[in-house]
Amino acid sequence: MRRALHRRDGHERGPLDSDAMAGTAHGENDPAEILRRSVENGRVHSSYLFTGTGPAPSVTAQTFARALVCAAPVGGRPCESCNACLRSREDEEAEAILLDGKGERGPTHRHLGDHPDLLFVERGAEGTRITIGQIRDIQNALRLGANEGGRRIAIVNGAEWLNPQAQNALLRLTEEPPENTSVVLVASRASAIIATIRSRSVRIRFPSDETCALRGPDAEEDVVEIVSMLDGLRGRSVGEVLDFAENYRGARAVAAESVTELIDVSAEWLRQDVKARVERGDTPTVRTLDAYRSVQQLRRDLIQRNANPQMVAERLLLGLRDATA
Ligand SMILES: [Zn+2]
């Protein structure tokens, strides 16, 4: 059970109103808006995870990185006229630089435009994975410090293609980020990124990421398994619920990963339940909203307070059972 439907809000204490739960990407939850505020307030984190399909997450990551080194950003975006903006602008006429994971037939990473502080890495033109060598090169480049005296930013594009060793190297980078550096991971789905990196990153979710299949042919096998268990919670005895939570016993790292998935699927399951109610003209019950809040709290307990995964699973399932009673 590794694949997860991760839907952490872009910021830790995201609003939990029914609008946000219904997944409408506007206002405070809009990715561009979150990033604009971040640029304007100068509150920049050392690690971001952008998730979603299509070009938007990657394009936004590049605009964000460019805005962070721009001398005078306008509305949180690059001004396009300062020296940094002119350097970081990609020349569309220029021939694309083909990366090579081993650095043999091409560089392991490149820059945005020719800006020395903006690094960009993705899997090599013929590579199947982003390699540890590529991540080490990025790591070394970030440690050098900024040429222009500001921030250094590395974008890891297509981060779902990081191999396990590269993910571990990246984890160490997010654990001890060099001063004034940021890493922006861009991935089609968060479940491809190990939980320890996810928990250290500010999650920016793009609308294309909103549709998470819980049922039907597109749903993952282990997701279907969890959903059928959640669907059957109503009327179960406490003993039966605890029996199911037994599945989450075991080595902490593995169990925590599985419980993270349980939490993600549960949050999505509740969200879709609320959405269906709203569409029918019902208002979500206080119990359901409480359950949604407690799911988010349990996620924090698991990730930040190292709570016991099996106990988190027990509390989660018992709470959901009561919410659906
Ligand atoms: Zn500028």
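Colleague: What kind of model is it?

Modeller: It is a predicted model. The protein has 325 residues, and 40% of them are buried. It contains 12 helices and six strands.

Colleague: How are the strands arranged, and what is the pairing called?

Modeller: The six strands form an open sheet in the order E2-E3-E4-E5-E1-E6, with mixed pairing. E2 and E6 are the edge strands.

Colleague: What makes E2 and E6 edge strands?

Modeller: Each of them pairs on one side only.

Colleague: Which strand does E3 join in the parallel sense, and by how many bridges?

Modeller: E3 is joined to strand E4, residues 152–157, by four bridges. Val-121 has Val-156 of E4 as its bridge partner. The chain gets from E3 to E4 through helix H5, residues 132–143.

Colleague: Why is that β-α-β crossover called right-handed?

Modeller: View it with the strands pointing away from you: a clockwise path from the first strand over the helix to the second is right-handed. The crossover from E3 through H5 to E4 is right-handed, so its path runs clockwise in that view.

Colleague: What makes both faces of strand E3 covered?

Modeller: Leu-118 and Phe-120 lie on one side of E3, Leu-119 and Val-121 on the other, and all are buried. In a regular strand the side chains alternate between the two faces of the sheet. In E6, residues 202–205, Val-202 and Ile-204 point one way, Arg-203 and Arg-205 point the other way, and all are buried.

Colleague: Why are the buried residues of helix H2 said to be on the same side?

Modeller: The buried residues of H2 are Pro-31, Ile-34, Leu-35 and Ser-38. They cover an arc of only 90° around the axis, so they sit on the same side of H2. An α-helix has 3.6 residues a turn, so residues three or four places apart point the same way. The buried residues of H2 pack against helix H3 and E6. The face turned away carries the exposed residues Glu-40 and Asn-41. Just after H2, Gly-42 takes a positive phi of about 65°.

Colleague: Is Glu-80 buried or exposed, and why?

Modeller: Glu-80 has 12 other C-beta atoms within 10 Å. The limit for exposed is 12 or fewer, so Glu-80 is exposed. Glu-80 lies in the loop between H3 and H4.

Colleague: Why is Asn-180 called partly exposed?

Modeller: Asn-180 has 16 C-beta neighbours inside 10 Å. Asn-180 lies in the loop between helix H6 and strand E5.

Colleague: What is the phi of Glu-80, and what is that of Asn-180?

Modeller: Glu-80 has a positive phi of about 70° although it is not a glycine. Asn-180 has a positive phi of about 60° and is not a glycine. Most residues other than glycine have a negative phi.

Colleague: Where is Gly-106, and what does Gly-106 touch?

Modeller: Gly-106 lies in the loop between helix H4 and E2. Beyond its sequence neighbours up to four places away, Gly-106 touches Ile-97, Leu-98, Leu-99 and Asp-100.

Colleague: Which residues have the most contacts inside the largest nonpolar core?

Modeller: They are Ile-155, Val-184 and Leu-185, in a core of 46 residues. H3 gives the largest share, six residues. A second, separate core has 29 residues, including Leu-230 and Leu-320.

Conventions
Residues numbered from 1 in each chain as written. Predicted model: local features only at pLDDT ≥ 70, side-chain atom pairs only at ≥ 80, totals over all residues. Buried ≥ 20, exposed ≤ 12 C-beta atoms within 10 Å, placed from the backbone. Helix = DSSP H or I, 4+ residues; strand = E, 2+ residues; numbered from the N terminus. Pairing = 2+ DSSP bridges. Contact = placed C-beta atoms within 7 Å. Arc of directions from axis to C-beta. Core = buried A, V, L, I, M, F, W, Y, C linked by C-beta atoms within 7 Å.
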